[in-house]
Each structure stands twice: as C-alpha cells, then as structure tokens.
Amino acid sequence: MTAPLALDPARTALVLVDLMDRIVALPLEPRKGTEVLVTCEELAAAFRSAGATVVLVRVERPSVAEQPPGSGLVAGLLKEGDLEIVKRTIGGFQGTGLDDRLRERGVTTLVFGGVATNLGVESTARAAGDLGYELVFVEDAMTAFTAAEHEASVRLDFPRLGTVVTAAQLVL
C-alpha cells in the first residue's frame, strides 16, 4: 500500500506490544528495538494529539516471585490517559480485560506496533481479528528476532488479516 490511510481517532486505538527495556535491548531484526521505539513514540504522540486511544501491552512471566529487571514499560512511554495492559500469555487479550476496555471507548480499529512482530504483535492481532476489530499493521513500528520472521508476518500473514502501512502513511 502506498496511499495514505485515514483513520477515525474516536474509533481507533494504537496497540504497542512489549516495549520494555529488556525486550527493546535484544538483538532484533530487521531494525533495532531502539529504532522501533522511536517510531512507536512518534505514533503514540500523534494518536494522543488526535484524541485516539493508546494501549501499551507488556508481559509478565506467570508463577515467578519477581519479574526480571527491565520488565516495566520503557520509561516515559506511558502517559496519562493511556491504557496499560499486563499480559501473561503471548497475546494481549487473554485474561486482560483489553476487549472490554476498548469496547467501552467505542474502538473498532486497532493499529499495531511493537516487539516481536511474529509473536506478541501477531498473537494479539489474531485475537483482535477474531473479536471483530479492523486491523492495521505499521511495518516500520515493529521488529522481530530475525528478519525472516518479521518478513513472514508482514508479507504473508498480516495482509490476510488487515492492512499493512508505514507510519508515514497513517492519517488521523
């Protein structure tokens, strides 16, 4: 897709997955976690300015007394009015109340970014699709453990589930 994609801020949420220090710092491809973080921060600022919902999903390991260092969201990412969702599975919907919170806000379209493309992002998106949400994937706002894993999701899976764009193509 090369044309701009216009979204209704009142019915759209940005869902950013696993932007935590310990995950952003991993060796990731095709872009570094820090590059994805910058793009995600820019997207979040644009969504907030337009009055759209921003959802920040992070993982906690189940059945451990203490989470590993770097398990919180990257400092400064969470802003007042954002939804912070803590998941204990690969995807962000199972047992988190995310669907209810989005429906309370009238959200029907979800825009995705985060780490890893083929794991947390894709799992969350597949559940969202099953729940009836329209899906948008921001290719340059995500990365994976290998470029091949990222490309498989972006080129093969995501076009079957929704619309793939770059950050520059989104219009709120």
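**Strands, sheet and cores**

Biologist: Which residue stands opposite L56?
Modeller: That would be E84 in strand 4. Strands here are DSSP E runs of at least two residues, helices are H or I runs of at least four, and both are numbered from the N terminus. The model is predicted, so to speak of local features we need pLDDT of at least 70, with side-chain atom pairs counting only at pLDDT 80 or more, while totals for chains, interfaces and linings use all residues. Residues are numbered from 1 along each chain as its sequence is written, and side-chain values use heavy atoms, leaving out hydrogens and water.

Biologist: How many bridges link strand 3 and strand 4?
Modeller: 5, in the parallel sense; DSSP must find at least two bridges for strands to pair.

Biologist: And what is the strand order in the sheet?
Modeller: The open sheet runs 4-3-2-5-6-7, with parallel pairing. Its edge strands are strand 4 (83–87) and strand 7 (163–165).

Biologist: Switching topic, which residues touch the most other members in the largest nonpolar core?
Modeller: L19, F47, V111 and L170, out of 31 residues. A core is a set of buried Ala, Val, Leu, Ile, Met, Phe, Trp, Tyr and Cys residues joined through side-chain atoms within 4.5 Å, where buried means under 20% relative accessible area with a 1.4 Å probe, protein chains only.

Biologist: Which element gives the largest share?
Modeller: Helix 2, with 6 residues.

Note on methods:
Buried means under 20% relative accessible area, exposed over 50%, partly exposed in between (1.4 Å probe, protein chains only).
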